[in-house]
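Me: I'm new to this one and would like to go through it slowly. Could you show it to me first?

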Amino acid sequence: MDMETSWRFLKSVCILSFLIDACSVYQSLCLVDAQEDTIVTLQVDASNMTRRPIPETLFGIFFEEINHAGAGGLWAELVSNRGFEAGGQTIPSNIWPWSIIGDESSIYVVTDRSSCFERNKIALKMEVLCDNNGTSNSCPSGGVGVYNPGYWGMNIEVGKKYKVVFYVRSTGDIDVSVSFTSSNGSLILASENIIALASDVSNWTKKEMLLEANGTDNGARLQFTTTKKGSIWFDQVSAMPMDTYKGHGFRNDLFQMMVDLKPRFIRFPGGCFVEGEWLGNAFRWKETVGAWEERPGHYGDVWKYWTDDGLGHFEFFQLAEDIGAAPIWVFNNGISHNDQVETENVKPFVQEAIDGIEFARGDPNSTWGSVRAAMGHPEPFELKYVAVGNEDCNKTYYRGNYLEFYDAIKKAYPDIKIISNCDASFKPLDHPADYFDYHVYTLAKDLFSRSHDFDNTPRNGPKAFVSEYAVNKTDANNGNLLAALGEAAFLLGLEKNSDIVEMVSYAPLFVNTNDRRWIPDAIVFNSSHLYGTPSYWVQQFFTESSGATLLDSKLKGNSSSVEASAISFQANGKDYVQIKAVNFGEESVNLKVTVTGLIAKFYGSKKKVLTSGNVMDENSFSTPEMIVPQESLLEMAEEEDLMFVLPPHSFSSFDLLTESENIIKMPI
């Protein structure tokens, strides 16, 4: 090797060595940076001077008849269009979703106005043209007739019993098979024959039977078939599972999902469902009470489907009582989306509201209290809250109409709290109210920032009822983690402002996956299965909040992606401090918690974390628990600092068992 070559080699080695050293230093710096997670401090003051009670009513639920939440959902009636009224009062009419079994040579089906029920006159006439008595026009082996698939299939389960009720009349003898079958009718799951002489069914006759399923099909149907020639009329056909909650008609699994949220109130029945696109299609409570056969039903023209109103005024109050939640009744104030009643003409609507309150609260001998008593509930329901309309504040006649309702209700029932549609979060109301209604549907990041919306709301006016909130479809898709995190931060802000915000509920609560009129929603279901979206599971983090004690807390450090709160509560005779925190960012955050004003030792109890690998992840029927809270024991050394790790894109809660509740009393 000559001198020049040696020099070049030495020079190359030096350069290579420098590059290796530089890369090593860079890697070392990167490693240190990656390991230095953000540290945020939550300063909690637990002294008597700053702690305050959280309202007993803070977290509840809002039920609206939307997305077939009730009809085909919570209300367990299996038959859709059970009275044949959905096609309208002009005959002949559409009988959908009823369908005909047989061809035009063997059966003719039409509607007429021969029902024995005055408020719903439409009945189904089945003219059977075939028979099996050796004539040339023989019926098919399975007979001819009609079937009802329910709401996208009936969930019939082996070993379970179902009560079938219907009204029938005929001009001749009848031999009708009443059956639950598989979706295509090929498999009989349960069946019973109704045989009667013409003299026994010449007038409308009620028939009841109990069918026990010998097989399972979650897409089943109910059918009426015969091989006997003649004319048969059917009306008011019902099929109900026998295992509804307390026999009150509520589908058990959906009911339990509500109960698990421990709601302190339930707002019902809407929403826009109360208003209607037109007043003629608004929910009118008097049409929904009394015997189910006599309820006319109505077309909900906002959400575009017919309801038989089996889930009516009485059933909503029964639902509230069964859940253990305070009922909040929303009634129409003479205003729909497209027409309004002028204030000078609104008194009939006012009287309807007064009567509706009497139905719930009146003595069993009162006019409307007696109707409630006749339905099986002589004791009054505990109605303490009513809302005058829904989202009507900007309508021309709202304020004038509202005052008519306010004055009349306060005169008759001075203890009832009245909720205005007008928002007072940023300016005072120009009319009296006990609560103002606040709705928000927005993007996840915006809802995260709205956790401070009520920080500066005046405390000397009506209380806030945040009756509808959610991240909208743009960010949430069908209900993902991103939406849940924005909502969690918003709820933490409401919890910290619970001296002005007294009630909060998500919307909408339910969606039947076959009729997604509005997405996202908290609970998704079909005829047989369900799952909670991440937004549902966020609400479960707040089940201990209502009636607990808020501890004053402040975040210090780089906390732009973090929102947190602290409460204390009791469970099973023990005292706990609960820390809840959202990390909206992409990096882990170390949350250091300091507590002053409380002489106590903290012991780890449990922690819950809601997170996933991607903020756009969603639950589904195939993966219903992709995003659910992961609960584990919270282990802490006795002298350990309160330091918790908040994973990226997560919502966490930490329950700390306290040894005592000795408070340092601060001088006043």
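**Salt bridges and sheets**

Reply: A place to begin is Lys-554, which counts as partly exposed at 44% relative accessibility, where buried means under 20% relative accessible area, exposed over 50% and partly exposed in between (1.4 Å probe, protein chains only). This is a predicted model, in which local features need pLDDT of at least 70 and side-chain atom pairs count only at pLDDT 80 or more, while totals for chains, interfaces and linings use all residues. Residues are numbered from 1 along each chain as its sequence is written, and side-chain values use heavy atoms, with hydrogens and water left out.

Me: Which residue does Lys-554 form a salt bridge with?

Reply: Lys-554 forms a salt bridge with Asp-552, and their closest N and O atoms are 3.1 Å apart; the term stands for a side-chain nitrogen of Lys or Arg within 4 Å of a carboxyl oxygen of Asp or Glu. Asp-552 is partly exposed, with a relative accessible area of 28%.

Me: Is Glu-495 buried or exposed?

Reply: Glu-495 counts as buried, at 0% relative accessibility. Glu-495 forms a salt bridge with Lys-580, the closest N and O atoms being 3.1 Å apart. Because Glu-495 lies in helix H10 (residues 481-496) and Lys-580 in strand S29 (residues 574-583), the pair ties together parts that are 85 residues apart in sequence. Lys-580 also counts as buried, at 0% relative accessibility.

Me: Switching to the sheets, in what order do the eight strands go?

Reply: The eight strands form an open sheet in the order S3-S15-S18-S19-S20-S21-S22-S23, with parallel pairing, where two strands pair if DSSP finds at least two bridges between them. Strand S3 (61-62) and strand S23 (501-504) are the edge strands, each pairing on one side only. S3 pairs with strand S15 (residues 265-268) in the parallel sense over two bridges, and Phe-62 stands opposite Arg-267 in S15.

Me: What packs on that sheet?

Reply: Helix H4 (residues 313-323) packs on the sheet, touching S3, S15 and strand S18 (326-331), and its direction makes about 165° with that of S15. Contact means heavy atoms within 4.5 Å, and axes are lines fitted to C-alpha atoms, for helices over the stretch in contact, with angles running from 0 to 180 degrees between N-to-C directions. Helix H7 (residues 398-412) packs there too, touching S18, strand S19 (385-388) and strand S20 (417-420), and its direction makes about 175° with that of S20.

Me: What about the three strands, in what order do they go?

Reply: The three strands form an open sheet in the order S24-S25-S26, and the pairing is mixed. Its edge strands are strand S24 (510-512) and strand S26 (530-532).

Definitions and conventions. Helix = DSSP H or I, 4+ residues; strand = E, 2+ residues; numbered from the N terminus.
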